[in-house]
2 protein chains.
Amino acid sequence: MSVSFVDVPKGSDFPLQNLPYGVFSTQSNPGKRLCVAIGNNVLDLSGVAHLYPAQVQDALKSSTLNLLMSLGNDAWHAVRTRTHELLLKNSELEHDAALVKKVIIPQKEVEMHLPADIGDYTDFYSSIHHATNVGIMFRGKENALMPNWRHIPVGYHGRASSVVVSGTPIRRPLGQTLPVDGQPPLFGACKLFDFELEMAFFVGGPGNKLGERVPVEEAWKNVFGFTIMNDWSARDIQKWEYIPLGPFTAKNLGTTISPWIIPVEALEPFIVNNYAQDPQVLPYLKHDKSFNFDINLLVSLKPEHGEETLICKSNYKYLYWTAMQQIAHHTVTGCNIRPGDLMASGTISGETEDSFGSMLELSWRGTKPVKLNGNLTRKFIEDGDEIIIRGYCERNGLRIGFGECRGKVLPAIPFKK
Amino acid sequence: MSVSFVDVPKGSDFPLQNLPYGVFSTQSNPGKRLCVAIGNNVLDLSGVAHLYPAQVQDALKSSTLNLLMSLGNDAWHAVRTRTHELLLKNSELEHDAALVKKVIIPQKEVEMHLPADIGDYTDFYSSIHHATNVGIMFRGKENALMPNWRHIPVGYHGRASSVVVSGTPIRRPLGQTLPVDGQPPLFGACKLFDFELEMAFFVGGPGNKLGERVPVEEAWKNVFGFTIMNDWSARDIQKWEYIPLGPFTAKNLGTTISPWIIPVEALEPFIVNNYAQDPQVLPYLKHDKSFNFDINLLVSLKPEHGEETLICKSNYKYLYWTAMQQIAHHTVTGCNIRPGDLMASGTISGETEDSFGSMLELSWRGTKPVKLNGNLTRKFIEDGDEIIIRGYCERNGLRIGFGECRGKVLPAIPFKK
């Protein structure tokens, strides 16, 4: 396996084979710049842009990844190949010590930002185990999956403004709930605050025009890369508001993504068979290419004055619908997608109880408290709790990691009229 | 009433008392610039920016309205007051003939564009007559309104990328439908294509931070101005996809807005009482200020080779929820709003059958064909049909118009695997 001149500690998320993209700044230079992660450092792409092909240099000097995303697959491959060359042992970069000093920066000295201007954010509902679990809780075993679920990659439009980068605190929301059917609704702090373990991809390529569809077999070209995500959810508020137009204020209070976008090329060694779909999907959703990934996903909860407990071990591969199907369906009526759009998987739950991707499922609607280290338990998230999501692929000694998606819950701001 | 040196024909939508904002370009200068409409002309704000207070000049030289929107209410008032002065008879502008020749441009020579970069687009469901009509059709008279409807200004996140300016053709979509319950779904062109008569406002002011609420009494400060809108809808696709997460591909195929944003100040003479709400709403939604407007809304349908027929006469004042309540609810859980966000009313239906704001209601789900001039009828929209929405306020000889929101439906593009 090829090795970088930049030290990559054993078990690092960011070997030379990963090269995830992010946007960073430093105290001494608060301008936002592109970078890739390598070991415990970043490579400042703005500082080495002149070493890349002319047609990508502007994109590498941008303050967001949108321009690079728009250039499409061939450009992404060219940039990645060149970055790999530059970071190899004995590269021309290594031999330019002054430049190395400028562009290789310890991660502990950088602040990470949202990697792109997110034009639109869409959240799918693509995990069959999650949809089934929620269905059983709310409608019983017989009617767990809605009739459309195996035919449509069900999704909804989310709120782009409230997507934030890992580390941003999340405020417990106030909102309307209906504790007792038939009684008037109440207003107050959310009592059933939850996380949702998700992954998301950023859309790349030039995008399609309004009125045109993206054919399912071509849709992989629109996937720039993947990130991990926590779709914070106010369950009690959601239950009262969501009929008939879907979740609204229960979901637009904050959605956290990790700062790193892992290129699809880095994930290719971890491709696995697509989830078997039964019944057959309609032709506009059918594709031969395998576009499913073996990505381990871990969720930990850390109480304010306690230690972390691992509360969920899941995997991206449990998703029923592929990203290619999600894109084909999203554009089937002619919706235009743009570079920088974010499309999330929905909660990723696995088959076993320890792989459920939300407190709602882990505590089975509050009936089975989740055990934490230090003799603590949780039904839902409490103030001061931090949720940490991590993800990695591992095979034959190669580890491709996703970094962390963290968020701490702050107490609600009391309401004053 | 004060009069402009620019001719304003009788019955014009755009007297000196209106001064709606838009973004335009010309053949000779394809750069996008801000303007206001005056009679049959526009005033190019980029060309007169130097005549305004220093702190708004950058905003007036911008290519979208976002910066002006962000400056807040005092700045909007200052710009409007100055524009009014400049366009008055005997103004310093009138006396500068060379400048007038440059900055007063006939509307027939300009192309209008989307007035702002829309960060997020939200669609509410605030007409009680529309919600009741749809409820009766799908659930019967007894359960017409959902239990949450009178407590929550129900809304959902829409798709910002597919909002287009008046005149943009709209493609009939293909999509998934379930013609027969229990049978497999089908794929094909939408058979129940519809318009929705809506109004929308653009968000202004600096916006709130994630985790903070906008108090309902303050929310009027976040309304920059109003526009008219057609929320194209594929009813058959919507019916199959929308449970449980709301409308998705049935609505993201295109949403048309008129090019003009009418400032709230221009609408003040037409303020009427808020709609009486029963039961009382929760305190976070309660406000004293009247923020309802008497705005006549007209919808016409023009077949490809036929003449226009007026098919709907409605009014903004029928809305149950105010824009202030919509904003307070949108931000109640801490969702941040940004200048340039678009928030729509939902279909605005009135009390009588000729005031229903969609073909679904006008034809009562296809059971009562709508009569058109030339012995034609329609249940839903056919290929080649153009939908034209117009709006105006009128009182004591003052007419404030909204211009037009037009869109022609093109035939579906056949599917090839």
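The model is predicted, so local features need pLDDT of at least 70 and side-chain atom pairs count only at pLDDT 80 or more, while totals for chains, interfaces and linings use all residues. Residues are numbered from 1 along each chain as its sequence is written, chains are lettered from A in the order in which they are written, and side-chain values use heavy atoms, with hydrogens and water left out.

**The interface overall**
- On chain B, 64 residues are in contact with 64 residues of chain A (contact means heavy atoms within 4.5 Å).
- About 6,000 Å² is buried between the two chains, and carbon and sulfur atoms give 62% of that (buried area is the accessible area, 1.4 Å probe, that two parts lose on being put together, summed over both).

**Charged pairs**
- Between chain B and chain A there are 4 salt bridges (a side-chain nitrogen of Lys or Arg within 4 Å of a carboxyl oxygen of Asp or Glu).
- B:D120 pairs up with A:R159 in a salt bridge, with the closest N and O atoms 3.5 Å apart.
- Sorted by class, the side of chain B that touches chain A has 35 nonpolar, 20 polar and 9 charged residues (Ala, Val, Leu, Ile, Met, Phe, Trp, Tyr, Cys and Pro count as nonpolar, Asp, Glu, Lys and Arg as charged, and the others, Gly among them, as polar).

**A look at B:S345**
- B:S345 is buried, with a relative accessible area of 2% (buried means under 20%, 1.4 Å probe, protein chains only).
- Leaving aside neighbours within four places in sequence, B:S345 is in contact with residues including B:D123, B:F124, B:E198 and B:Q326.

How values were computed. Buried means under 20% relative accessible area, exposed over 50%, partly exposed in between (1.4 Å probe, protein chains only).
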